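Trainee: I have a new model open and would like a walk through it. Please keep it brisk.

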Amino acid sequence: MTTYTKLTAAMVVAGAMMVGGCAGGGGQVGRAEVAGAGGATTGAGAGAGAGAGAEAKPTEGVVHSVSAKDLAETHSTTALEGDEVTLWVNGLGCPQCATNIDKALENVRGVTSVQVDLGAGKVLVGLGGRSRPSPHDLSEAVKDAALTLVKIEK
Amino acid sequence: MKRSGVSQRMLLSVVAGVAAVGVGERVSFGQEAMYTNAATMPVAGALMFRPQAFVSQYGADPDGPSTRTTFYTMDLGVQIGLALAWSLNIQAPLEYVDTNAPLAAGGGDHEVAVESVDFTFKHRFFMENNGTIDTMRAAVIFGGRVDTKDGVNVDPHVGVVFTKVHGLHGVNLEADYMMTTGGIEDRLANIQGGDGTADLFRFNASYVYRFWPETFTSTSTGAWYVTAELNTLMETNGDTELRWSPGIMYEGRVVSFEAMLQLPVANWLDQRPELDWSVGMGLRILF
């Protein structure tokens, strides 16, 4: 049997990092919040201590605070109107997640462009053509990419 | 075929390796270290090509004349998004094995081979995205290694993977069991964990820390991470290894890069040589 004492110590440090890693988080908050039904939608900069409010600048670790109505609207099967919508998305944790949602949304009929903002957790979707997608269509595509749509901003 | 029950020291190793990971089938996607699976995968229809190169040096054969064995491995992996929450990983390692031994004992030897192809399905059965960055996911992995080292055998394996990402931090945990139906005889210089006739249990843990950018912006297209893994290999013949793997990784929207060093922490090996060190580099290209 061979034991590498120094490396074992390093392992303990690494283990401690693992245990402590997710607990630290630099004050970032990781929880979606649903305001009361009919409540105003806000963007809360949780990690940076930004106050809640419609004008709050999104920061990393943001929790999309949305109303029950917003969530319900993401399941609507009524075709969207207009040239673009902004999707508020949870789970956009890495660059390849952004590529995943790109690919998933580009397969939806009526989607002409996709632009991912990793910092804000939002995706700008261009719409065009005769057949427009419904919020439900976009929600399913986002789900395919292993992400969660919490609001559609028209 | 030599098999034995789970020994006391193996159980102790399980306890000691609570945070550990292993040299698993490297089924990977976003925010994932080199040796540890994550519960992430490409979207349906997407394909990831992941070539990886490893150089691993082992010490003396416990039972033979060899003084050192070096494995040069080119691991060609492809991961395909099959459907919602399903993916398939196919992996074929090409190995050049160089064995050193004293001339009096017959000298060294070398061989080149593609000795196995692994097929692994991954199904994500749990997902909770509770923040713009933050996510928790769990997946089951299962498949088989078609082993051609000594005849053709299929070694089934099954495991679970858990991933949590919180802001700058990510943790992956993986446990996987492979039942060996064939394998080559133990106590040879040119075998690694899982190559012999014993079943293999792998327990891997990785910590991934994003050090750049500190905060994603609207124009962010890539990120740098440092990674630290604990890799545990436990065979039913009693051989057990605990390894530490520090590394660095760049993850882009399409192309990613990874490099890692792997060092032994503790070995309880009777059937095969001990790892001295291993280095690995890899690319991930998403189509």
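**Chain by chain**

Mentor: Start with chain A, which reads β-α-β-β-β-α-β-α-β-β-α-β along the sequence. Helices (H or I, at least four residues) and strands (E, at least two) are DSSP runs, numbered from the N terminus. This is a predicted model: local features need pLDDT of at least 70, side-chain atom pairs count only at pLDDT 80 or more, and totals for chains, interfaces and linings use all residues. Residues are numbered from 1 along each chain as its sequence is written, chains are lettered from A and ligands numbered from 1 in the order in which they are written, and side-chain values use heavy atoms, with hydrogens and water left out.

Trainee: How many helices and strands are in chain A?

Mentor: Four helices and eight strands.

Trainee: And what pattern does chain B follow?

Mentor: α-β-β-β-β-β-β-β-β-β-β-β-β-β. That is one helix and 13 strands.

Trainee: What share of the residues is buried in chain A, and in chain B?

Mentor: In chain A, 49% of the 154 residues count as buried. In chain B, 60% of the 287 residues do. Buried means under 20% relative accessible area, exposed over 50%, partly exposed in between (1.4 Å probe, protein chains only).

Trainee: What about accessible surface in chain B?

Mentor: About 10,200 Å², with 67% belonging to carbon and sulfur atoms. Chain A exposes about 7,000 Å², and carbon and sulfur atoms supply 53% of that. The areas come from the Shrake-Rupley method with a 1.4 Å probe; for residues, only the protein chains shown count as cover.

Trainee: Which share of the contacts in chain A joins residues 24 or more positions apart?

Mentor: 68%, out of contacts with a separation of 6 or more. For chain B, 60% of the contacts between residues at least 6 apart join residues at least 24 apart. Contact means heavy atoms within 4.5 Å.

Trainee: Switching to α4 of chain A. Which residues there are buried?

Mentor: The helix spans 135–144, and its buried residues are A:P135, A:L138, A:S139, A:A141 and A:V142. They sit on the same side of α4(A), because they cover an arc of only 160° around the axis. The arc is that of the directions from the helix axis to the C-beta atoms.

Trainee: What covers them?

Mentor: The cover includes α2 (68–73), β5 (84–90), α3 (95–106), β6 (111–117) and β8 (148–153) of chain A.

Trainee: What follows α4(A)?

Mentor: A:A146, with a positive phi near 65°. A:A146 is in the loop between α4 and β8 of chain A. At 3% relative accessibility, A:A146 counts as buried. Most residues other than glycine have a negative phi, and most peptide bonds are trans.

Trainee: Where is B:A85?

Mentor: In the loop between β2 and β3 (86–100) of chain B. B:A85 has a positive phi, near 70°, and counts as buried at 8% relative accessibility.

Trainee: Which residues does the cis peptide bond join?

Mentor: B:W212 and B:P213, with omega about -10°. B:P213 lies in the loop between β9 (200–212) and β10 (222–235) of chain B.

Trainee: Rings next. How many aromatic pairs over all chains?

Mentor: Six. Rings of Phe, Tyr and Trp (its six-membered ring) pair if their centres lie within 6.5 Å; planes under 30 degrees apart count as stacked, over 60 as edge-to-face and the rest as tilted. One of the pairs is B:Y35 with B:F54, tilted, 5.7 Å centre to centre and 40° between the planes. B:Y35 lies in the loop between α1 (8–16) and β1 (47–58) of chain B and B:F54 in strand β1, so the pair ties together parts 19 residues apart in sequence. B:Y58 and B:F71 form an edge-to-face pair, 5.4 Å centre to centre and 70° between the planes.

Trainee: Are B:Y58 and B:F71 buried or exposed?

Mentor: Both are buried.

Trainee: What lies over the face of A:W88?

Mentor: A:K151, at 4.2 Å from the ring centre. In chain B, the charged end of B:R210 sits over the ring of B:F216, 4.0 Å from its centre. The rule asks for NZ of Lys or CZ of Arg within 6 Å of the ring centre and within 35 degrees of the ring normal.
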